[in-house]
Amino acid sequence: MISTTDILNAKVLIVDDQELGARSLKQMLEEAGYSDITYTTNPYEVCELHRANHYKVILLDLQMPGMNGFQVMKHLNAIEADDYAPVLAITAEPAYKLHALKAGAKDFISKPFDGEEVLTRVRNMLEIRLLHEGACNAATTLKILAQQDPLTGLGNRRLLANRISAALANARRNKSAIAVVYLDLDGFKQVNDTSGHRTGDALLKIVAQRLESMVREEDTVARVGGDEFMIALWHVANASDVATVSAKLIEIVSRPYIIEDRSFTITASAGVSVYPADGEDADSLMKSADAALYEAKRSGKNGFRFSQQT
(Lines give C-alpha, C1' and ligand atoms only; values in the text may rest on other atoms or scores of the structure.)
Protein backbone atom coordinates (compact mmCIF):
# COMPACT_ATOMS: atom_id res chain seq x y z
CA MET A 1 0.00 0.00 0.00
CA ILE A 2 1.37 3.42 -0.95
CA SER A 3 1.22 5.91 1.93
CA THR A 4 0.48 9.63 1.71
CA THR A 5 4.01 10.27 2.99
CA ASP A 6 5.50 8.25 0.10
CA ILE A 7 3.46 10.28 -2.38
CA LEU A 8 4.28 13.69 -0.89
CA ASN A 9 8.01 12.87 -0.68
CA ALA A 10 8.27 11.61 -4.27
CA LYS A 11 10.58 13.47 -6.67
CA VAL A 12 8.68 15.60 -9.21
CA LEU A 13 10.09 17.58 -12.14
CA ILE A 14 8.26 20.42 -13.90
CA VAL A 15 9.37 21.27 -17.44
CA ASP A 16 8.05 24.54 -18.89
CA ASP A 17 9.92 27.12 -20.95
CA GLN A 18 7.88 29.83 -19.21
CA GLU A 19 9.45 30.56 -15.82
CA LEU A 20 6.22 31.97 -14.43
CA GLY A 21 4.23 28.86 -15.32
CA ALA A 22 6.85 26.51 -13.88
CA ARG A 23 7.11 28.43 -10.63
CA SER A 24 3.33 28.63 -10.34
CA LEU A 25 3.01 24.84 -10.61
CA LYS A 26 5.84 24.33 -8.12
CA GLN A 27 4.18 26.61 -5.60
CA MET A 28 0.82 24.89 -6.06
CA LEU A 29 2.32 21.47 -5.36
CA GLU A 30 4.39 22.64 -2.40
CA GLU A 31 1.35 24.28 -0.82
CA ALA A 32 -0.39 20.90 -1.14
CA GLY A 33 2.42 19.28 0.87
CA TYR A 34 4.81 17.99 -1.82
CA SER A 35 8.38 18.33 -0.58
CA ASP A 36 10.69 17.49 -3.50
CA ILE A 37 9.70 19.62 -6.49
CA THR A 38 12.22 20.77 -9.12
CA TYR A 39 11.61 22.75 -12.27
CA THR A 40 13.55 23.60 -15.40
CA THR A 41 12.87 25.89 -18.35
CA ASN A 42 15.41 24.07 -20.51
CA PRO A 43 13.97 20.99 -22.28
CA TYR A 44 17.45 19.92 -23.40
CA GLU A 45 18.48 19.03 -19.83
CA VAL A 46 15.44 16.93 -18.92
CA CYS A 47 16.97 13.53 -19.72
CA GLU A 48 20.15 14.27 -17.80
CA LEU A 49 18.14 15.46 -14.82
CA HIS A 50 15.99 12.33 -14.95
CA ARG A 51 19.03 10.03 -15.12
CA ALA A 52 20.44 11.71 -12.04
CA ASN A 53 17.25 11.96 -9.98
CA HIS A 54 14.82 9.28 -11.21
CA TYR A 55 11.72 11.44 -10.99
CA LYS A 56 8.47 9.69 -10.20
CA VAL A 57 6.49 12.18 -12.29
CA ILE A 58 7.59 14.69 -14.93
CA LEU A 59 5.09 17.45 -15.70
CA LEU A 60 6.03 18.25 -19.28
CA ASP A 61 4.83 21.19 -21.36
CA LEU A 62 4.26 20.04 -24.93
CA GLN A 63 4.74 23.42 -26.61
CA MET A 64 8.27 24.69 -26.15
CA PRO A 65 10.70 26.31 -28.61
CA GLY A 66 13.79 24.45 -29.75
CA MET A 67 12.74 21.04 -28.41
CA ASN A 68 9.06 20.42 -27.85
CA GLY A 69 7.50 18.03 -25.36
CA PHE A 70 7.01 15.27 -27.93
CA GLN A 71 10.74 15.26 -28.69
CA VAL A 72 11.58 15.21 -24.99
CA MET A 73 9.26 12.22 -24.51
CA LYS A 74 10.98 10.35 -27.32
CA HIS A 75 14.33 10.74 -25.55
CA LEU A 76 12.83 9.81 -22.17
CA ASN A 77 11.29 6.65 -23.60
CA ALA A 78 14.70 5.66 -24.95
CA ILE A 79 16.35 5.81 -21.52
CA GLU A 80 13.60 4.11 -19.51
CA ALA A 81 14.61 0.47 -19.05
CA ASP A 82 11.05 -0.65 -18.29
CA ASP A 83 9.46 1.49 -21.02
CA TYR A 84 7.60 3.52 -18.42
CA ALA A 85 8.39 7.23 -18.86
CA PRO A 86 6.48 8.96 -16.01
CA VAL A 87 5.23 11.89 -18.08
CA LEU A 88 2.20 14.00 -17.24
CA ALA A 89 1.75 16.16 -20.33
CA ILE A 90 0.77 19.83 -20.08
CA THR A 91 -1.05 21.38 -23.02
CA ALA A 92 -3.42 24.18 -23.95
CA GLU A 93 -4.32 22.43 -27.22
CA PRO A 94 -7.10 19.81 -26.89
CA ALA A 95 -5.94 18.17 -30.12
CA TYR A 96 -2.57 17.38 -28.56
CA LYS A 97 -3.99 15.23 -25.76
CA LEU A 98 -4.47 12.03 -27.74
CA HIS A 99 -1.13 12.53 -29.53
CA ALA A 100 0.57 12.90 -26.15
CA LEU A 101 -0.89 9.64 -24.86
CA LYS A 102 0.17 7.82 -28.03
CA ALA A 103 3.68 9.29 -27.67
CA GLY A 104 4.07 7.81 -24.19
CA ALA A 105 2.51 10.27 -21.74
CA LYS A 106 0.56 8.52 -18.99
CA ASP A 107 -1.89 11.40 -18.44
CA PHE A 108 -2.30 15.12 -19.15
CA ILE A 109 -3.42 18.36 -17.57
CA SER A 110 -4.89 21.31 -19.39
CA LYS A 111 -3.93 24.97 -19.53
CA PRO A 112 -5.10 27.20 -17.99
CA PHE A 113 -4.64 25.14 -14.83
CA ASP A 114 -7.46 24.01 -12.63
CA GLY A 115 -5.82 23.54 -9.22
CA GLU A 116 -7.99 20.63 -8.14
CA GLU A 117 -7.44 18.82 -11.45
CA VAL A 118 -3.65 19.29 -11.26
CA LEU A 119 -3.41 17.97 -7.71
CA THR A 120 -5.71 15.02 -8.41
CA ARG A 121 -3.88 13.93 -11.56
CA VAL A 122 -0.44 14.35 -9.99
CA ARG A 123 -1.44 12.33 -6.93
CA ASN A 124 -3.06 9.58 -9.00
CA MET A 125 -0.06 9.28 -11.28
CA LEU A 126 2.39 9.21 -8.39
CA GLU A 127 0.42 6.46 -6.73
CA ILE A 128 0.40 4.40 -9.94
CA ARG A 129 4.10 5.00 -10.51
CA LEU A 130 5.04 3.97 -6.97
CA LEU A 131 2.83 0.88 -7.20
CA HIS A 132 4.49 -0.03 -10.51
CA GLU A 133 7.96 0.31 -9.00
CA GLY A 134 6.94 -1.68 -5.95
CA ALA A 135 5.67 -4.52 -8.14
CA CYS A 136 8.87 -4.53 -10.19
CA ASN A 137 11.04 -4.56 -7.05
CA ALA A 138 8.98 -7.37 -5.54
CA ALA A 139 9.32 -9.45 -8.70
CA THR A 140 13.09 -8.91 -8.73
CA THR A 141 13.35 -9.83 -5.05
CA LEU A 142 11.33 -13.01 -5.56
CA LYS A 143 13.53 -13.99 -8.49
CA ILE A 144 16.66 -13.52 -6.38
CA LEU A 145 15.21 -15.37 -3.40
CA ALA A 146 14.16 -18.26 -5.63
CA GLN A 147 17.83 -18.86 -6.43
CA GLN A 148 19.35 -18.04 -3.04
CA ASP A 149 19.92 -19.96 0.18
CA PRO A 150 18.29 -17.80 2.87
CA LEU A 151 20.72 -18.79 5.64
CA THR A 152 24.12 -18.33 3.98
CA GLY A 153 23.26 -16.02 1.09
CA LEU A 154 24.88 -18.49 -1.31
CA GLY A 155 23.15 -19.67 -4.43
CA ASN A 156 20.91 -22.72 -4.18
CA ARG A 157 20.73 -25.81 -6.40
CA ARG A 158 18.69 -23.97 -9.05
CA LEU A 159 21.23 -21.19 -9.39
CA LEU A 160 24.07 -23.69 -9.39
CA ALA A 161 22.49 -25.68 -12.23
CA ASN A 162 22.12 -22.46 -14.26
CA ARG A 163 25.74 -21.50 -13.62
CA ILE A 164 26.99 -24.97 -14.53
CA SER A 165 25.01 -24.85 -17.76
CA ALA A 166 26.59 -21.48 -18.60
CA ALA A 167 30.06 -22.85 -17.78
CA LEU A 168 29.38 -25.87 -19.99
CA ALA A 169 28.40 -23.68 -22.92
CA ASN A 170 31.67 -21.78 -22.49
CA ALA A 171 33.65 -25.01 -22.16
CA ARG A 172 32.16 -26.42 -25.37
CA ARG A 173 33.05 -23.26 -27.29
CA ASN A 174 36.61 -23.20 -25.97
CA LYS A 175 37.13 -26.98 -25.79
CA SER A 176 38.03 -26.66 -22.12
CA ALA A 177 37.02 -28.44 -18.91
CA ILE A 178 34.96 -27.53 -15.83
CA ALA A 179 34.63 -29.33 -12.50
CA VAL A 180 31.98 -29.80 -9.84
CA VAL A 181 32.98 -30.41 -6.22
CA TYR A 182 30.25 -31.82 -3.95
CA LEU A 183 31.27 -31.21 -0.33
CA ASP A 184 29.61 -32.60 2.79
CA LEU A 185 30.47 -31.69 6.40
CA ASP A 186 31.59 -34.58 8.62
CA GLY A 187 30.28 -34.33 12.18
CA PHE A 188 27.91 -31.44 11.63
CA LYS A 189 24.95 -33.35 13.07
CA GLN A 190 26.81 -33.72 16.34
CA VAL A 191 27.31 -29.94 16.53
CA ASN A 192 23.59 -29.41 16.00
CA ASP A 193 22.62 -32.10 18.51
CA THR A 194 24.95 -30.99 21.29
CA SER A 195 25.04 -27.21 20.83
CA GLY A 196 21.76 -26.41 19.11
CA HIS A 197 20.66 -25.19 15.72
CA ARG A 198 21.70 -21.59 16.42
CA THR A 199 25.32 -22.70 16.72
CA GLY A 200 24.93 -24.98 13.73
CA ASP A 201 23.56 -22.12 11.61
CA ALA A 202 26.44 -19.87 12.67
CA LEU A 203 28.92 -22.58 11.68
CA LEU A 204 27.28 -23.03 8.27
CA LYS A 205 27.58 -19.29 7.60
CA ILE A 206 31.29 -19.41 8.37
CA VAL A 207 31.73 -22.45 6.14
CA ALA A 208 30.04 -20.55 3.30
CA GLN A 209 32.40 -17.59 3.76
CA ARG A 210 35.46 -19.84 3.85
CA LEU A 211 34.49 -21.71 0.72
CA GLU A 212 33.85 -18.48 -1.21
CA SER A 213 37.24 -17.16 -0.12
CA MET A 214 38.97 -20.13 -1.77
CA VAL A 215 37.54 -19.88 -5.28
CA ARG A 216 37.70 -17.38 -8.11
CA GLU A 217 35.08 -14.75 -8.81
CA GLU A 218 33.80 -16.66 -11.83
CA ASP A 219 33.31 -19.89 -9.81
CA THR A 220 30.07 -20.61 -7.94
CA VAL A 221 29.57 -21.84 -4.38
CA ALA A 222 26.08 -23.09 -3.54
CA ARG A 223 24.41 -24.66 -0.52
CA VAL A 224 22.37 -27.59 -1.79
CA GLY A 225 21.33 -29.28 1.46
CA GLY A 226 21.53 -28.99 5.23
CA ASP A 227 25.31 -29.37 5.45
CA GLU A 228 26.03 -29.96 1.77
CA PHE A 229 27.73 -27.52 -0.58
CA MET A 230 28.60 -27.66 -4.27
CA ILE A 231 31.29 -25.67 -5.99
CA ALA A 232 31.32 -25.22 -9.77
CA LEU A 233 34.82 -24.44 -11.03
CA TRP A 234 34.34 -22.49 -14.26
CA HIS A 235 37.58 -23.45 -15.98
CA VAL A 236 40.15 -26.07 -14.98
CA ALA A 237 43.33 -27.05 -16.77
CA ASN A 238 43.58 -30.66 -15.59
CA ALA A 239 42.68 -33.12 -12.81
CA SER A 240 45.74 -32.10 -10.82
CA ASP A 241 44.45 -28.53 -10.54
CA VAL A 242 41.05 -29.79 -9.41
CA ALA A 243 42.70 -32.02 -6.80
CA THR A 244 44.64 -29.03 -5.45
CA VAL A 245 41.50 -26.91 -5.13
CA SER A 246 39.55 -29.78 -3.53
CA ALA A 247 42.28 -30.34 -0.95
CA LYS A 248 42.32 -26.64 -0.10
CA LEU A 249 38.55 -26.58 0.31
CA ILE A 250 38.65 -29.52 2.71
CA GLU A 251 41.56 -27.99 4.62
CA ILE A 252 39.91 -24.62 5.18
CA VAL A 253 36.63 -26.21 6.28
CA SER A 254 38.57 -28.33 8.81
CA ARG A 255 40.09 -25.34 10.64
CA PRO A 256 38.63 -24.63 14.11
CA TYR A 257 35.50 -22.49 14.52
CA ILE A 258 35.04 -20.07 17.42
CA ILE A 259 31.34 -19.48 18.06
CA GLU A 260 30.20 -17.66 21.19
CA ASP A 261 33.59 -18.29 22.83
CA ARG A 262 33.42 -22.01 22.14
CA SER A 263 35.68 -23.92 19.79
CA PHE A 264 34.34 -26.44 17.30
CA THR A 265 36.12 -28.66 14.82
CA ILE A 266 34.60 -30.53 11.90
CA THR A 267 36.00 -32.12 8.78
CA ALA A 268 34.69 -32.43 5.24
CA SER A 269 34.42 -35.00 2.48
CA ALA A 270 34.10 -34.21 -1.20
CA GLY A 271 33.28 -35.85 -4.49
CA VAL A 272 34.55 -34.42 -7.77
CA SER A 273 33.30 -34.69 -11.34
CA VAL A 274 34.90 -33.19 -14.44
CA TYR A 275 33.40 -32.26 -17.80
CA PRO A 276 33.44 -33.90 -20.31
CA ALA A 277 34.48 -37.25 -18.79
CA ASP A 278 31.81 -37.38 -16.09
CA GLY A 279 28.85 -35.80 -17.81
CA GLU A 280 27.65 -33.58 -20.64
CA ASP A 281 25.11 -31.55 -18.65
CA ALA A 282 24.61 -30.04 -15.20
CA ASP A 283 22.45 -32.86 -13.87
CA SER A 284 24.84 -35.64 -14.86
CA LEU A 285 27.86 -33.78 -13.47
CA MET A 286 26.12 -33.25 -10.13
CA LYS A 287 25.10 -36.91 -9.99
CA SER A 288 28.66 -38.03 -10.75
CA ALA A 289 30.00 -35.75 -8.02
CA ASP A 290 27.38 -37.13 -5.61
CA ALA A 291 28.47 -40.70 -6.35
CA ALA A 292 32.12 -39.72 -5.80
CA LEU A 293 31.19 -38.09 -2.48
CA TYR A 294 29.59 -41.35 -1.36
CA GLU A 295 32.88 -43.13 -2.07
CA ALA A 296 34.82 -40.48 -0.15
CA LYS A 297 32.55 -40.91 2.89
CA ARG A 298 32.74 -44.70 2.64
CA SER A 299 36.53 -44.57 2.48
CA GLY A 300 36.92 -42.84 5.83
CA LYS A 301 35.83 -39.21 5.37
CA ASN A 302 37.99 -36.07 5.57
CA GLY A 303 39.13 -36.50 1.97
CA PHE A 304 37.95 -36.37 -1.61
CA ARG A 305 37.43 -38.77 -4.47
CA PHE A 306 37.10 -38.24 -8.20
CA SER A 307 34.24 -39.80 -10.07
CA GLN A 308 35.22 -43.26 -11.28
CA GLN A 309 34.66 -42.09 -14.84
CA THR A 310 37.30 -39.35 -14.65
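The cut-offs are under 20% relative accessible area for buried, over 50% for exposed, and partly exposed in between, with a 1.4 Å probe and protein chains only.

This is a predicted model: local features need pLDDT of at least 70, side-chain atom pairs count only at pLDDT 80 or more, and totals for chains, interfaces and linings use all residues. Residues are numbered from 1 along each chain as its sequence is written, and side-chain values use heavy atoms, leaving out hydrogens and water. Helices (H or I, at least four residues) and strands (E, at least two) are DSSP runs, numbered from the N terminus.

**Backbone: cis bonds and positive phi**

- Most residues other than glycine have a negative phi, and most peptide bonds are trans.
- The Lys111 to Pro112 peptide bond is cis, with omega near -5°. Pro112 sits in the loop between strand E5 (107–110) and helix H6 (115–145).
- Tyr275 and Pro276 are also joined by a cis peptide bond, with omega about 10°. Pro276 is in the loop between strand E11 (267–275) and helix H11 (282–298).
- His54 is not glycine, yet has a positive phi, near 50°. Its place is the loop between helix H3 (46–53) and strand E3 (57–61). His54 counts as exposed, at 52% relative accessibility.
- Asp261 has a positive phi too, near 65°. The loop that holds Asp261 runs between strand E9 (257–259) and strand E10 (262–264). Asp261 is exposed, with a relative accessible area of 79%.

**Aromatic pairs**

- Rings of Phe, Tyr and Trp (its six-membered ring) pair if their centres lie within 6.5 Å; planes under 30 degrees apart are stacked, over 60 edge-to-face, and the rest tilted. The count by this rule is 2 aromatic pairs.
- Phe70 and Tyr96 make an edge-to-face pair, 5.8 Å centre to centre with 85° between the planes. This pair links distant parts of the chain, 26 residues apart: Phe70 in helix H4 (residues 69–79) and Tyr96 in helix H5 (residues 96–103). Phe70 is partly exposed at 25%, and Tyr96 is partly exposed at 29%.
- Phe304 and Phe306 are edge-to-face as well, at 6.1 Å centre to centre and 75° between the planes. Phe304 is partly exposed at 22% relative accessibility.

**Charges over rings**

- A charge sits over a ring if NZ of Lys or CZ of Arg is within 6 Å of the ring centre and within 35 degrees of the ring normal.
- Arg121 places its charged end over the ring of Phe108, 5.3 Å from the ring centre.

- Helix H9 (residues 197–213) has 17 residues. From first C-alpha to last it reaches 24 Å, close to the 24 Å expected at 1.5 Å a residue. The expected span is 1.5 Å times one less than the number of residues.
- The buried residues of H9 include Leu203, Leu204, Val207 and Arg210.
- Ser288 belongs to helix H11 and counts as buried, at 7% relative accessibility.
- The Ser288 side chain reaches the backbone oxygen of Asp278 at 2.8 Å.

Technical notes: Polar contact = N/O pair within 3.5 Å; in protein donor to acceptor, adjacent residues only side chain to side chain.
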